Amino acid sequence: MPATLYVLNGPNLNLLGQRQPEIYGRATLADIETACREQAAAFALDLDFRQTNQEGTLIDWLHEADGAAAGVVLNPGAYTHTSIALFDAIRALSVPVVEVHLSNIYAREAFRHHSYVSPVALGVICGFGAQGYVLAVTALAQQRPAS
Ligand code: DQA
């Protein structure tokens, strides 16, 4: 199995740090990338960290992850709540996907309570801010068979 984790971020997550900090915190996406890299390195894993505002690009990256990554940490942003295409893409993958949200989507507006990703994710982490990404990297690293 390749020793790389993908961390894929969807729309508007490039604005972290300035976007509704009372909900999403003050950490920037670059800060989150640094924290993920440190945690992955502790498990001797490489990290490929990306962000896009395009739904189709997220899907292309998920396809690419199959065969290239040992697992995927995915924060799909608002596409979580709208994208059957994401559901289908993840369903077709053979690598595990951990869904992450900075905020607790179940404590927010009703339209955020449904996720198309959760039924096809290995697990879901939400409400722990930037730490959720580190928890997801840890979970995926520990899913790997011992070498
Ligand atoms: C989010 C939650 C989504 O509902 C929202 O659309 C986002 C960010 C989160 O990380 O809390 O863009 O995925």
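1. Which polar side-chain atom lies 2.7 Å from an oxygen atom of the ligand? That atom belongs to H81. The model is a predicted one, in which local features need pLDDT of at least 70 and side-chain atom pairs count only at pLDDT 80 or more, whereas totals for chains, interfaces and linings use all residues. Residues are numbered from 1 along each chain as its sequence is written, and side-chain values use heavy atoms, with hydrogens and water left out.

2. N75 also places a polar side-chain atom 2.8 Å from a ligand oxygen atom. A78 has a backbone N or O atom 3.2 Å from an oxygen atom of the ligand. The protein covers 99% of the 330 Å² of accessible area that the ligand has on its own (Shrake-Rupley method, 1.4 Å probe).

3. The residues surrounding the ligand (a heavy atom within 4 Å) include R19, Y24, G77, H101 and R112.

4. Helix α3 (residues 55-68) packs with helix α4 (residues 84-91) at an angle of about 5 degrees, their axes 9 Å apart (lines fitted to C-alpha atoms over the stretch in contact, with angles from 0 to 180 degrees between N-to-C directions; helices are DSSP runs, H or I, of at least four residues, numbered from the N terminus). Therefore α3 is roughly parallel to α4 (angles under 35 degrees).

Key. Helices (H or I, at least four residues) and strands (E, at least two) are DSSP runs, numbered from the N terminus. Angles under 35 degrees count as roughly parallel, over 145 as roughly antiparallel, 65 to 115 as roughly perpendicular and the rest as oblique. A polar contact is a pair of N or O atoms within 3.5 Å; within protein, one must be able to donate a hydrogen and the other to accept it, and residues adjacent in sequence count only if both atoms are side-chain atoms.
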